[in-house]
Amino acid sequence: MIDRYRAAEAMLDANLAPLVLNESIHPHWFNDRDFWYRRQRPDGGEYVLVTGERAGPAFDHAAVAAAMGAATDAPVDPWSLAVEEITGDGVVILTAGNHRWRFAESVVTDLGAIEAPQPDVLLSPDKSHGLIARDHDLYLVGERGERRLTDDGQSDFAWGKYPDAGLLAVVRQRSGLRFPPFGWSWSPDGAFVVGGRLDERHIEPYPFLESVPQDGGFRPKAYHIRQPLTGEPNPIFSASGIEVATGRRIPFDLPAELSSEILSIEPIAWAAGNRRLFFAAALHGAREARLMEVDVTSGAVRTLIAERVEGFINLGSELYAQPNIRILGGGGEAIWYSQRTGFGHLYRYDLESGALVHALTSGDWVVRDILKVDEAGGRIFFTASGREGGDPYLRRVYRVDLDGSDLTLLTPEEADHMLNGAPTAMIALLLGAATPPAMLSPDSRLLIDTYSTVSSPSVSVLRSAEDGAIVRTLETADASALLATGWRPPEPFVAKAADGMTDLYGVLYRPHGQSDDPAPVIDAIYGGPQMTVTPRNFPAARRPVGAYGRSAFASLGFAVITVDGRGTPLRSKAFHDAGHRAFADTCVDDHAAVLRQLCDRDLTLDRNRIGIYGHSFGGYTSARAILRYPDIFKVAVSSAGIYNLHAIYRSITTITEAPDYGEGLGVKPDHRAVPRNFQALDNNLLAGNLRGKLMLVYGDMDENAFPAITLQFCDALNRANRSYDLLYLPNRMHALTAEPYLVRRMWDYFVEHLMGEEPPLNYSIGGGAAQADHRTDA
């Protein structure tokens with residue numbers, strides 16, 4: 001067994017991630033159609049320049065390294081150069097030794113020291129000055145000194161403060177993590193800053209207990225944050241603009257229903273000489289999606305588009321992505337995203353009248369992300385899925401004219417074409433998600449496309465943006481190091497949902513090794529309405545999001561499945577809305593149905609040995625599964641779960657229906673009240689159903705899934721006289737799935753209770769040659 005553990009360790013996501021070279025291209029465009037990028041090598045990287053008909057080394061790497069070595073008086077590896085900029089005339093800007101350097105015509109020039117990063121400064125567009133938040137107020141800082149812009153900030157009603165509801169309040173208190181003023185931005189000309197502040201004073205503090213203090217002391221520490229729970233009042237947002245030259249503050253006249261739902265304004269565009277700002281909002285209380293306009297000189301706010309929406313309110317195909325909304329014609333028109341026909345599509349609106357001009361796309365398929373609007377060329381580029389048949393999640397790139405004509409498929413290969421939209425500002429802060437590079441050339445004539453499947457490595461090509469014709473192949477990913485480890489790609493499958501009609505598209509990781517007996521099966525579940533987790537491309541097949549460690553479990557001898565059931569996004573609105581009122585129950589039903597079908601048609605899978613695991617939303621669904629289907633699921637590991645909806649943060653209602661306390665009440669009448677529409681979704685009420693083995697895992701500093709919710713679930717299991725296991729991880733926040741100790745304990749749990757074998761005693765991931773203790777009882 002210890003050999004299987006060692007093999008599984010080699011298959012951990014973090015160990016597999018770097019084993020494929022050149023899976024994507026990060027272009028740096030200059031001129032209309034020219035760009036450069038870094039090509040990976042086993043011993044470093046080299047820089048490639050693509051101009052016109054030529055593609056090759058961007059410069060003589062050996063010559064640059066030699067010149068840099070002479071300038072810095074230190075040896076420089078030609079394949080380890082850190083390049084910041086390349087121009088078509090042979091100029092290379094590099095960084096080395098904390099300095100920036102310019103190489104041109106064999107001469108190296110020192111451009112000076114690299115400025116230290118200022119994580120709390122929001123720089124102006126010309127970078128001459130910046131905005132900071134300090135002591136509850138805003139300040140303008142720069143070479144001319146410092147100027148105070150506000151003077152009435154106070155505790156829990158501060159200017160530019162990151163909200164306690166933003167899921168990073170505890171970590172900020174503990175570590176001093178700094179951000180630029182939250183929710184603030186500059187007008188493109190630098191004349192105004194716009195943003196707001198949140199009034200959190202009325203919110204009852206919520207405690208987190210650090211039982212193992214980081215400073216080595218023994219007295220537990222309490223951290224209190226202003227985080228409203230379900231049914232409690234939200235923080236109140238007030239917005240303003242500040243004229244930088246004069247310091248004049250202009251309050252924005254936001255509607256009351258907006259102030260009680262949003263945490264910030266994220267500009268979509270500016271117009272009218274950078275005096276009109278456009279933003280979008282999903283109002284879950286009002287059941288509306290809105291496009292709003294602000295006159296930053298007067299503070300007047302106008303609703304341009306308001307669409308009534310039942311079920312999930314989506315401004316784009318996924319919750320975490322920026323809205324699929326763009327402003328045209330200097331503010332006269334907009335591209336609007338709507339699921340009004342049952343599928344997510346793009347619509348063109350006249351903003352003066354608020355009238356629909358025409359649909360840009362239509363059909364039983366889904367627009368995923370707007371890549372670029374080429375107003376001069378009169379067309380828009382976007383990704384979409386489901387139009388070409390087959391797997392409805394595979395993305396392809398299209399263009400369509402702004403009059404709705406000439407819809408053209410640019411990427412015909414049956415694969416996932418991995419062009420991504422930008423994340424929201426909140427997600428960029430919370431998850432560290434970066435804005436992807438532009439894959440269309442500045443003149444909109446060329447497209448860089450990277451595509452793959454779960455079993456075929458990525459290919460990156462340069463295409464014509466007119467007809468999709470391939471101009472040249474840029475890179476073919478090198479997966480030789482990955483395949484040398486014995487890694488196996490998952491196998492796609494199609495099965496029916498619990499309704500017996502809807503096709504679900506999942507993958508199966510076959511167990512490694514040979515056995516005449518059917519393999520135990522593990523379901524890696526997430527099931528949240530905000531994202532999907534089944535891999536559709538080669539990188540995701542080994543670097544999953546939301547369902548971790550699948551290849552490692554396969555190496556241990558388990559068959560592992562992942563499937564996105566109804567209630568998850570990226571299909572029809574009806575598919576997504578199936579989880580709006582039922583939350584995850586529809587998805588759990590689908591997982592049970594899929595497992596029955598797979599075991600019926602594949603005798604290598606053991607229907608009597610099925611387990612399940614999940615993290616975060618998957619913690620809820622995995623626990624829900626073993627409680628609702630004890631005849632199917634025999635073992636579950638649930639980490640960082642939200643086991644009920646009434647004791648979690650109020651913003652959970654952005655991914656489910658609003659709480660109903662009866663008699664029209666959406667705010668709880670007392671602290672013990674449970675919304676009647678959430679009662680049936682409470683795992684605590686199902687505690688008595690537990691028949692199999694359940695391990696719960698939590699970190700005590702987790703703001704995404706409160707530790708108290710796990711402990712309240714434990715209390716329900718205790719009262720139901722059910723045996724379970726509890727793993728407590730001190731000083732851990734939400735992102736704990738790569739924790740070696742947790743990984744090993746999960747392996748042990750499934751090996752012992754599902755596989756029926758004895759795990760190595762205290763195996764140490766990364767522990768070197770010994771790796772496990774000797775058992776003294778054998």
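The model is predicted: local features need pLDDT of at least 70, side-chain atom pairs count only at pLDDT 80 or more, and totals for chains, interfaces and linings use all residues. Residues are numbered from 1 along each chain as its sequence is written, and side-chain values use heavy atoms, with hydrogens and water left out.

The secondary structure of the chain comes to 14 helices and 42 strands; these are DSSP runs numbered from the N terminus, helices being H or I of at least four residues and strands E of at least two. A compact globule of 778 residues would have a radius of gyration near 28 Å, and the 27 Å of the chain agrees with this; the radius is taken over C-alpha atoms, and the globule rule is 2.2 Å times the number of residues to the power 0.38. Along the principal axes, the C-alpha atoms fill a box of roughly 70 × 70 × 60 Å. Of the 778 residues, 54% count as buried, that is, under 20% relative accessible area with a 1.4 Å probe, protein chains only.

Strand 41 (residues 693-699) pairs with strand 42 in the parallel sense over five bridges, and Met695 stands opposite Asp725 in strand 42.

The axes of helix 12 and helix 11 (residues 585-601) come within 10 Å and cross at roughly 65°; axes are lines fitted to C-alpha atoms, for helices over the stretch in contact, and angles run from 0 to 180 degrees between N-to-C directions. Asp585, Val588 and Asp589 of helix 11 meet Thr621, Arg624, Ala625 and Arg628 of helix 12.

Strand 20 pairs in the antiparallel sense with strand 19 (residues 269-271) over three bridges and with strand 21 (residues 288-295) over eight bridges. Trp270 stands opposite Leu277 in strand 20, while Ala280 stands opposite Leu291 in strand 21.

Notes:
Two strands pair if DSSP finds at least two bridges between them. Buried means under 20% relative accessible area, exposed over 50%, partly exposed in between (1.4 Å probe, protein chains only). Contact means heavy atoms within 4.5 Å.
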